[in-house]
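Hello,

Here is the structure you asked for. Please open it first, then read the notes below.

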Amino acid sequence: MEYIAGMRNTIDTGNIYFNEISKTNLSGRKLATQFLQRNRVLNLPISDGKPLEARIEYSRYLVDCPNCNSAEFAFEDGLFYCSQCFNSDIQGKARRVIMPKQRKRIENILLKRPIKNRHWFPSEKLEDLEKENLKMEVK
């Protein structure tokens, strides 16, 4: 079965994505899986700068790169490393990532929506998400 974010889980992290694509014969899969092996990222020095915040877009946890404006999946290990600029603005160190404090509640609210409407930004409150659900008449 083809991987589609949000089909098996409410909101997918990088861990889920790369686990799923490792099971399929997808072009570029081996290179992507090798390049984003977390062992390499876990061994990098970590920047003492302000942590980045994960957001949700189309049922995927993403982190925006403050250096090149690219975005990457958020990983459960809480570290960010940009595959485009290699965090060159901080000499290749990893950045810390903050996942939402009310992660499960956010995911449960978004689960009621179609995948195309599963979005959340750190500035949004739970009440805002619930109101959006009512406006969309989701079940």
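**Leu42 and its surroundings**

Leaving aside neighbours within four places in sequence, Leu42 is in contact (heavy atoms within 4.5 Å) with Asp77 and Leu79. This is a predicted model: local features need pLDDT of at least 70, side-chain atom pairs count only at pLDDT 80 or more, and totals for chains, interfaces and linings use all residues. Residues are numbered from 1 along each chain as its sequence is written, and side-chain values use heavy atoms, with hydrogens and water left out.

Leu42 lies in helix H3, residues 38-42. Helices are DSSP runs of H or I with at least four residues; strands are runs of E with at least two, and both are numbered from the N terminus.

Next, the strands. An open sheet is formed by 3 strands, in the order S2-S3-S4, with antiparallel pairing. Strands pair if DSSP finds at least two bridges between them. Strands S2 (55-57) and S4 (71-73) stand at the edges; each has a single partner strand, so one side of each is left without a neighbour in the sheet. S3 (residues 60-64) pairs with S4 over 3 bridges, in the antiparallel sense. Asp64 has Ala71 in S4 as its bridge partner.

Best wishes
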